[in-house]
Amino acid sequence: MNLSSSQQGEACAHVLQGLWERVREGQEDILLSPYLPASYAFLTHLFLCAPFLALDALGGVCLRVRSWRISAGSGAPPSVRLWYRCFWSVLYRYLTVILPATALFQSLRSPALPAQAPSCLQLFVEIIACFLLFDSFYFIMHFSMHRVPWLYRNIHQQHHQHRVTFALAAQDASSTELLFLLLLALSSAWVVDCHPLSEIFFHLINSWMAVEDHCGYNLPWALHRLLPFLGGAPFHHTHHIKFNGNYAPYFTHWDHLFGTYIA
Ligand SMILES: [Zn+2]
Ligand SMILES: [Zn+2]
């Protein structure tokens with residue numbers, strides 16, 4: 001049965017409305033909690049990292065998995081001990097800085113929960129707009145942190161302690177950098193004036209893409225193989241190895257434009 005484009009739009013809107021009602025139902029306190037952004041960012045990050053921890057473990061016995069590792073030549077995958085140390089250091093920063101600071105930001109922002117879900121087109125456009133904005137802001141910030149020695153030493157150097165990247169290392173950064181990243185994502189959604197459902201999807205996909213950037217695997221089904229304007233894990237891995245290019249987090253257009261793209 002072929003559906004016309006307007007019927008497809010209606011079906012999609014219906015699904016989104018149902019989803020939004022389920023998310024909203026009895027969850028207002030959670031959705032409006034000032035602690036939600038930090039808790040959501042930390043928990044989704046952990047959840048999305050889990051498959052890569054399994055891949056690292058599987059790499060010890062499966063040649064196929066090992067062949068997907070970008071840094072196959074530069075030694076064994078990160079040890080469980082390194083993952084464990086990284087986990088506690090990220091948790092410590094969330095509890096001491098990120099959670100209280102983003103709670104303050106969220107209280108000032110005072111979001112609302114509309115009864116109507118966004119249309120499919122609205123959802124799509126808002127998520128893309130958030131990503132383009134976040135990507136541009138982060139490119140400027142990341143470029144500056146590499147060009148100004150004081151910023152690099154005091155904010156960004158900690159993130160570069162891992163030359164061989166692994167999923168959890170996506171958030172292994174100084175408290176200042178972590179805070180900037182989360183505030184940048186929240187501000188992007190604020191500037192775009194996103195529907196809360198679009199924002200939930202944006203933060204979820206944003207976490208996934210940050211984890212994928214750092215996972216250390218060039219997976220056959222990775223998003224950057226489908227969408228050539230995305231850099232993906234090989235692009236960001238090169239940044240961790242060479243330091244002097246590939247500053248954008250996801251898209252490659254800014255690096256192409258400013259001559260900082262490294263293949
Ligand atoms: Zn960097
Ligand atoms: Zn990185």
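Helices here are DSSP runs of H or I with at least four residues, numbered from the N terminus. Please keep in mind that this is a predicted model.

## A pair within one helix

F134 and Y138 both belong to helix α6, where four residues, about one turn of the helix, separate them. Both side chains are buried. Their ring centres lie 6.3 Å apart and the planes meet at 10°, so this pair is stacked.

## Other aromatic contacts

How many aromatic pairs are there? The count comes to 22. Among them is the tilted pair of W254 and F258, with 6.3 Å centre to centre and 45° between the planes. W254 is partly exposed at 24% relative accessible area, whereas F258 is exposed at 52%.

One aromatic cluster brings together F42, Y84, F87, W88 and Y94. Elsewhere, a charge meets a ring: the charged end of R69 sits over Y217, 4.9 Å from the ring centre.

## The disulfide

Searching the whole structure turns up one disulfide. C12 and C120 form it, with 1.7 Å between their sulfur atoms. C12 is in helix α1 (residues 5-24) and C120 in helix α6 (residues 120-147), so the link ties together parts 108 residues apart in sequence. The angle about the S-S bond is -115°, and the link of C12 and C120 is left-handed. C12 itself is partly exposed, at 30% relative accessibility.

## Cysteines without a partner

C194 is in no disulfide: its nearest cysteine sulfur, that of C130, is 3.3 Å away, while the cut-off is 2.5 Å. C194 is buried, at 12% relative accessibility.

C215 is in no disulfide either, with the sulfur of C49 the nearest at 9.7 Å. C215 is buried at 1% relative accessibility.

Conventions. Residues are numbered from 1 along each chain as its sequence is written. Chains are lettered from A and ligands numbered from 1 in the order in which they are written. This is a predicted model: local features need pLDDT of at least 70, side-chain atom pairs count only at pLDDT 80 or more; totals for chains, interfaces and linings use all residues. Side-chain values use heavy atoms; hydrogens and water are left out. Helices (H or I, at least four residues) and strands (E, at least two) are DSSP runs, numbered from the N terminus. Buried means under 20% relative accessible area, exposed over 50%, partly exposed in between (1.4 Å probe, protein chains only). Rings of Phe, Tyr and Trp (its six-membered ring) pair if their centres lie within 6.5 Å; planes under 30 degrees apart count as stacked, over 60 as edge-to-face and the rest as tilted. A charge sits over a ring if NZ of Lys or CZ of Arg is within 6 Å of the ring centre and within 35 degrees of the ring normal.
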